[in-house]
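Hi,

Here's the structure I promised to pass on. Have a look at it first, then read on for what turned up.

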Amino acid sequence: MLAPPALRRLSPLLLALSLSACDDAPRFTQAEPGEQLSGGAATVGQFDHNAFSMPSANLTPSRRLDFSVGNSFFRNPWVIAPATTTARDGLGPLFNTNACQNCHVKDGRGHPPAPGANNSVSMLVRLSIPADASAAHAQQLERLGVVPEPVYGGQLQDVSIPGVEPEGKVRVSYDSVPVTFADGTTVELRKPRLEITRLGYGPMHPDTLFSARVAPPMIGLGLLEAIPESAILANADPDDRDGDGIRGRANQVWDDVAGKTVLGRFGWKAGQPNLNQQNFHAFSGDMGLTTTSLPKDDCTAAQTACKAAVNGGEPEVSDNILSLVLFYTRNLAVPARREVGAAQVLDGKGLFHQAGCQSCHTPSFTTAASAAEPELANQVIRPYSDLLLHDMGEGLADGRTEFQAGGRDWRTPPLWGIGLTEAVSGHTQFLHDGRARNLLEAILWHGGEAEAAKQKVLNYNAEQRTALLAFLNSL
């Protein structure tokens with residue numbers, strides 16, 4: 001008898017243990033060996049506000065020193081040039097924040113701006129326009145994945161140095177969207193309405209596309225980078241050959257250093273190929289800092305004051321600093337799971353699998369022996385993500401393509417550490433734009449390929465919903 005689609009990715013042993021004699025719902029009676037070690041030997045036992053800021057547990061003392069130095073450049077603010085602090089000057093001319101930590105507070109999850117906030121800080125707004133048939137647009141699509149807005153570029157920057165006008169201000173308001181469970185319980189979701197005000201350089205292109213993105217958590221990124229490409233592609237099923245309705249697709253993106261198209265695995269639409277590129281693009285777009293790979297300030301032709309501003313050296317972020325930040329971001333450890341053997345958590349795990357959530361939120365991988373850092377090699381990790389793109393339905397669509405990602409596509413976000421979000425970040429706002437105020441709302445926004453899973457959750461009673469959330473909060 002063929003196993004239900006929701007169980008096909010379980011190992012044969014777990015499958016045999018999980019099927020009840022009276023129905024096809026999975027049953028877990030005990031935790032799997034090592035299940036609490038989400039990051040393998042790199043896992044840490046920290047569960048407070050510092051839970052996302054710890055180095056990999058298997059780093060040696062000398063390597064922990066490198067981690068601390070990288071942390072200092074991630075945490076401390078950069079300043080406007082010229083300055084006596086020559087290693088940290090060159091901020092701007094246009095930027096969103098002056099330190100990486102301001103977006104990834106305590107290395108955790110960002111949030112949308114509160115009403116009346118001066119700037120959005122830990123939420124960015126990506127900009128682009130539809131491509132035409134020109135050779136210039138074709139080259140931008142190949143190298144950037146999008147065609148940037150002609151005057152404002154690919155990202156709205158709402159802060160600037162003196163003498164340079166900020167690009168604009170971001171405001172978010174919400175409409176109510178009610179959703180009702182089978183037992184009559186109603187949840188009011190909130191759908192964001194994005195407004196860009198006080199444009200500093202005139203009107204935008206009339207067909208501009210906008211995509212709000214909160215800063216994701218920083219934990220386990222080096223482990224995700226160490227997953228073999230073949231293991232990610234093995235879960236891709238763009239033609240739905242197994243008939244389960246899940247069509248995971250790999251994004252193919254431009255590698256600035258290698259000069260070729262490769263697998264994308266980082267960012268909300270898997271638009272970046274590796275951590276180094278993720279980092280130097282963030283230095284450029286978020287803080288206006290140049291690197292060897294991106295040696296020019298992020299100014300468009302219309303932003304003449306930006307182009308004329310004093311720089312902080314060429315490049316402003318040295319290769320050595322970039323290397324230290326890369327080491328830091330690769331080795332931010334994943335906290336251990338909690339209460340993995342508790343009855344309610346095990347029940348919730350069964351309901352997670354019954355709904356089919358693991359079809360996209362793949363529980364585990366083994367990292368490559370050739371990982372960039374030896375501490376990250378040959379580790380059994382449990383990120384609960386396939387790192388693939390999935391159509392998530394019209395409700396979550398931003399209408400904006402990015403390389404191979406369509407306007408309804410999003411990369412499956414890892415779930416490890418998600419239950420510690422409030423402890424670390426002081427809130428429980430989830431999804432790419434922070435619209436969900438808790439995990440249940442995040443589930444209820446799922447559509448497209450995840451519509452069937454959401455419908456199953458809508459049929460869960462209050463006790464089952466509580467168990468499902470207990471499992472998610474244990475991750």
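One bit of background before the helices: the expected span of a helix is 1.5 Å times one less than its number of residues. This is a predicted model, by the way, so keep that in mind throughout.

Helix 10

Let's start with helix 10, which covers residues 343-355. Much of the helix is tucked away: Val345, Leu346, Gly348, Lys349, Gly350, Leu351, Phe352, His353 and Ala355 are buried. What covers those buried residues includes helix 13 (451-458) and helix 14 (462-474). Just after helix 10 comes Gly356, with a positive phi of about 90 degrees.

How do helix 10 and helix 14 pack, and at what angle? The angle is about 100 degrees, and the axes are 7 Å apart. That makes helix 10 roughly perpendicular to helix 14. On the helix 10 side, Gln344, Val345, Asp347, Gly348, Lys349, Leu351 and Phe352 take part, and they meet Gln464, Thr466, Ala467, Leu468, Ala470, Phe471, Leu472 and Ser474 in helix 14. By class, this contact has 8 nonpolar, 5 polar and 2 charged residues.

Helix 2 and helix 9

Now to another helix pair. Helix 2 (residues 61-75) packs against helix 9 (residues 319-330) at an angle of about 110 degrees, with the axes 7 Å apart. This makes helix 2 roughly perpendicular to helix 9. Helix 2 brings Arg63, Asp66, Phe67, Val69, Gly70, Asn71, Phe73 and Phe74 to the contact, while helix 9 brings Ile321, Leu324, Val325, Phe327, Tyr328 and Thr329. Sorted by class, the contact of helix 2 with helix 9 has 9 nonpolar, 3 polar and 2 charged residues.

Aromatic pairs

Searching the whole structure gives 7 aromatic pairs. One of them is Phe67 with Tyr328: the ring centres are 4.7 Å apart and the planes sit at 45 degrees, so the pair is tilted. It links distant parts of the chain, as Phe67 in helix 2 and Tyr328 in helix 9 are 261 residues apart. Both Phe67 and Tyr328 are buried. Tyr152 and Tyr201 also pair, with ring centres 6.1 Å apart and planes at 70 degrees, so this pair is edge-to-face. Here Tyr152 lies in the loop between helix 4 (135-144) and strand 3 (159-160), and Tyr201 in the loop between strand 5 (186-197) and strand 6 (209-214), 49 residues apart. Tyr152 is buried, at a relative accessible area of 1%. Finally, ring pairs link Phe67, Phe74 and Tyr328 into a cluster.

Most residues other than glycine have a negative phi, and most peptide bonds are trans. A few spots here go the other way. The Gly92 to Pro93 peptide bond is cis, with omega near 10 degrees, and Pro93 lies in the loop between helix 2 and strand 1 (94-95). Glu314 and Pro315 are also joined by a cis peptide bond, with omega about 0 degrees; Pro315 is in the loop between helix 8 (304-308) and helix 9.

As for phi, Asp107 has a positive value near 65 degrees. You'll find Asp107 in the loop between helix 3 (100-103) and strand 2 (123-128), where it is buried, with a relative accessible area of 1%. Arg198 has a positive phi too, of about 55 degrees, and is in the loop between strand 5 and strand 6. Arg198 counts as exposed, at 64% relative accessibility.

Cheers

Note on methods: Residues numbered from 1 in each chain as written. Predicted model: local features only at pLDDT ≥ 70, side-chain atom pairs only at ≥ 80, totals over all residues. Heavy atoms only, no water. Helix = DSSP H or I, 4+ residues; strand = E, 2+ residues; numbered from the N terminus. Buried < 20%, exposed > 50% of the residue type's maximum accessible area, 1.4 Å probe, protein only. Contact = heavy atoms within 4.5 Å. Axes fitted to C-alpha atoms, helices over the stretch in contact; angles between N-to-C directions. Parallel < 35°, antiparallel > 145°, perpendicular 65-115°, else oblique. Nonpolar A, V, L, I, M, F, W, Y, C, P; charged D, E, K, R; others polar. Phe/Tyr/Trp six-rings, centres within 6.5 Å; stacked < 30°, edge-to-face > 60°.
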